[in-house]
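The sequence and the coordinates are shown first, and the description follows.

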Amino acid sequence: MFKFIFNKIFGSHNEKELKRLAPFVEKINALEPEISALSDAELQKKTAEFKSFITDYLQKHKQENQDEKSLLKLEAQVLDIILPEVFAVCREAAKRVLNMRHFDMQLIGGVVLHEGKIAEMTTGEGKTLVATLPAYLNTLTGRGVHIVTVNDYLAQRDCGWMGQIYNYLGLKCSSIGHDFSAQYDPDYNDTSVSDQRIVHLRPITRQQAYNSDITYGTNNEFGFDYLRNNMVMRSQDLIQRELNYAIVDEVDSILIDEARTPLIISGPAEESTDKYYKINKIVPILKQGTRDEQSKEETGDYIVDEKASAVYLTEQGEAKAASLLGVKDLSSMETMELKHHVDQGIKAHSCLFKRDVHYVVKNGEVIIVDEFTGRLMPGRRWSDGLHQAVEAKEGVKIARENQTLATITFQNYFRMYNKLAGMTGTALTEEAEFMHIYKLEVVVVPTNKPLIRIAYPDVVYKTEKEKFNAIVEEIVSLHKTGRPVLVGTISIEKSELISKLLQKKKIPHNVLNAKFHENEAVIVAQAGRLGKVTIATNMAGRGTDILLGGNADFFAGELLLKKGINPELATKAQKDKALQSVCAEFQVEHEKVVQLQGLHIIGTERHESRRIDNQLRGRSGRQGDPGSSRFYLSLADDLMRIFASDRIVKFMNFVKWEEGMPITHPLINNSIETAQKRVEAHNFDIRKHLLEYDNVMNKQREIIYEQRQQILTQDNFKDYIFDLINETVDLAIEKY
């Protein structure tokens with residue numbers, strides 16, 4: 001209450017920050033007429049002029065024997081001086097190359113990112129374009145900028161799309177992915193891709209990609225390359241240069257959600273895979289039991305604790321498993337490892353690891369599905385024999401168990417950057433964690449146009465069957481009116497279930513999940529069109545922009561392809577004609593969709609994190625467009641079943657509800673948010689403990705990696721070796 005009154009009288013911290021940033025926008029806007037009057041050649045010369053100014057400034061103010069920290073401060077000072085003009089030049093380049101002009105709110109977002117903070121910007125406010133401002137400014141020092149995306153597709157798309165601005169300004173822009181490294185090159189044409197934003201990505205080496213001015217990539221790729229960098233044996237094999245400045249897109253997903261899992265590079269161990277086949281045969285014989293929390297009595301052979309994502313054998317189960325495996329017991333030192341693998345086998349067969357939810361089987365391989373993005377993660381494997389247990393369960397070839405060669409947490413990796421910044425539509429709820437772990441302040445940037453999206457109250461059903469029937473009924477009803485619908489699911493399994501139900505009703509629809517992601521750009525481009533029904537996992541939750549009435553530019557390119565014309569090789573007249581022919585149709589369709597209240601979002605289940613739900617909601621109502629969202633839940637949903645309070649269970653058993661009747665009660669609505677808060681708190685504890693554990697190793701890792709770098713990069717390390725010998729001798733003398 002006191003905080004509310006204080007903010008009313010003195011204004012909130014965020015309001016003060018926005019007032020402080022307003023003069024930057026005024027300066028940039030004041031320069032616009034002058035910059036707009038420049039010719040292309042004059043505008044393109046500006047990059048060299050800025051670099052020259054920075055060099056002169058540093059030479060003038062640099063002191064003798066200045067350390068790296070002081071030099072970085074000096075660079076920050078000169079960047080602040082030239083910021084207004086640099087932003088004005090970048091804005092003008094975007095206007096000329098992409099026909100996109102940074103709004104005032106995007107300029108504020110750019111300044112926030114340059115200052116090493118988090119800009120919370122609503123979905124559809126053009127965060128991809130915002131990143132070009134601080135990226136252009138900070139790469140002028142020659143140290144390089146990393147822009148971190150949530151998946152490989154966005155790393156490619158944003159590099160090919162925004163690369164046009166950087167190329168115009170004389171900078172090199174590259175992207176890295178799981179199995180590719182490419183650089184934006186307007187003279188290169190890849191005819192094998194349909195997305196026009198990535199046709200100019202020319203394959204290059206990983207090292208060349210990192211030596212570019214701006215490098216796009218996922219958090220996993222940057223982190224793994226850091227570990228690989230510290231495993232090489234020759235200096236010429238080093239690929240990643242200094243970690244200077246990172247702009248993390250969807251920062252909450254990368255620095256919060258994914259921070260529960262450390263990055264691990266592993267190598268094959270020598271152990272045989274026979275034990276996995278043996279254990280896989282006995283697991284189905286074991287029976288799942290239950291545990292009475294009051295009496296502590298346990299039944300069955302093993303217990304599954306869904307809340308803690310763990311399994312364990314009961315006393316009865318341990319004896320039974322030992323007998324089936326032909327050993328005396330599973331509690332001795334000799335059989336301890338065998339017991340661990342039995343636990344992993346049970347976990348693989350339990351509800352904790354479901355096919356088409358947690359993983360898919362593709363081309364004889366078990367591939368993990370990212371729970372936050374809904375995308376496949378080829379090359380990633382569960383550790384401690386769990387992946388082998390899942391492979392045994394699915395009857396595919398079992399790869400040898402791995403041993404850890406190098407590891408680091410995302411928290412410790414990103415804290416190594418000289419400067420870190422981020423942007424997302426949902427960061428404020430995790431402000432305390434951002435500040436505690438990363439020392440990152442959150443600034444909420446207002447929308448360019450008022451947000452008019454309607455968030456309807458949740459509808460709760462007793463059973464999952466009733467919930468899905470209600471969802472299908474609403475889709476059928478909205479489809480008749482022509483209103484576009486996006487249905488968000490949390491797993492491949494659920495997206496395919498809804499697809500089957502819609503097929504029975506003969507409702508045409510598109511499915512976007514980790515199994516069918518090849519046509520992602522086409523599906524997303526059409527999702528806002530009249531009568532379109534799109535079912536998607538979390539893949540459509542981040543980094544995608546759904547335009548009401550469809551994406552005219554995308555379909556103009558498609559029209560040219562149908563006529564046998566490569567859109568990238570087409571003349572300006574051909575492009576304009578194609579755009580003109582689709583624009584009229586799309587404008588009419590846009591108006592119709594707007595009259596129907598825009599895109600409607602249906603959430604089929606609440607995610608563990610409130611932010612993931614808000615990301616789904618944010619797919620509609622972009623840039624002042626109308627839109628709405630509604631979540632359908634059931635008491636059988638994992639979130640409610642595992643984390644809801646006992647009061648809800650008692651309440652539901654006490655009250656008799658008719659089948660198909662939605663439940664509306666304050667107790668239910670409160671319990672949903674309480675359940676999510678419980679999971680978020682639980683996950684925060686996991687991240688905190690993970691970081692505490694990694695901090696123990698981090699100091700050692702930093703020292704060893706620093707020594708490796710010195711040995712690799714020094715031409716003559718004779719003095720270094722003698723220093724180590726002297727140090728060792730001194731310690732030995734002191735000790736003895």
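Predicted model: local features only at pLDDT ≥ 70, side-chain atom pairs only at ≥ 80, totals over all residues.

Strands of a sheet pair through backbone hydrogen bonds, in either a parallel or an antiparallel sense.

Between strand 11 and strand 12 (residues 365-369), the antiparallel pairing runs over four bridges. For Val361, the bridge partner in strand 12 is Val366.

## Division into domains

The domain assignment divides the chain into domain 1 (1-266 + 410-444), domain 2 (273-400), domain 3 (454-665) and domain 4 (687-735).

## The interface of domain 1 and domain 4

The centres of domain 1 and domain 4, taken over C-alpha atoms, are separated by 32 Å. Contact between the two involves 20 residues of domain 1 and twelve residues of domain 4.

The size of an interface is often expressed as the accessible area lost when the parts come together. For domain 1 and domain 4, the area buried between them is about 1,400 Å², with 52% of it on carbon and sulfur atoms. On the side of domain 1, the residues that lose the most area to domain 4 are Asn230, Gln411 and Asn412, which together account for 35% of what that side buries.

## Polar contacts and composition of the interface

Which kinds of pairs are found across this interface? Four residue pairs are in polar contact between domain 1 and domain 4, while the count of salt bridges between these two domains is zero.

Helix 10 (219-229), helix 16 (410-414) and helix 17 (431-438) are the elements that each give two or more residues to the side of domain 1 touching domain 4. Helix 10 supplies the largest share, three residues. Sorted by class, this side of domain 1 holds ten nonpolar, six polar and four charged residues.

## Salt bridges

Side chains of opposite charge can pair when their charged atoms come close. Over the whole structure, the search finds 32 salt bridges.

One of these joins the side chains of Glu17 and Arg20, with an N to O distance of 3.1 Å. Both Glu17 and Arg20 belong to helix 2 (residues 13-36), where they lie three residues apart, about one turn of the helix.

Notes: Residues numbered from 1 in each chain as written. Heavy atoms only, no water. Domains from an automatic or database assignment. Contact = heavy atoms within 4.5 Å. Buried area = accessible area lost by both parts, 1.4 Å probe. Salt bridge = Lys/Arg side-chain N within 4 Å of Asp/Glu carboxyl O. Polar contact = N/O pair within 3.5 Å; in protein donor to acceptor, adjacent residues only side chain to side chain. Nonpolar A, V, L, I, M, F, W, Y, C, P; charged D, E, K, R; others polar. Pairing = 2+ DSSP bridges.
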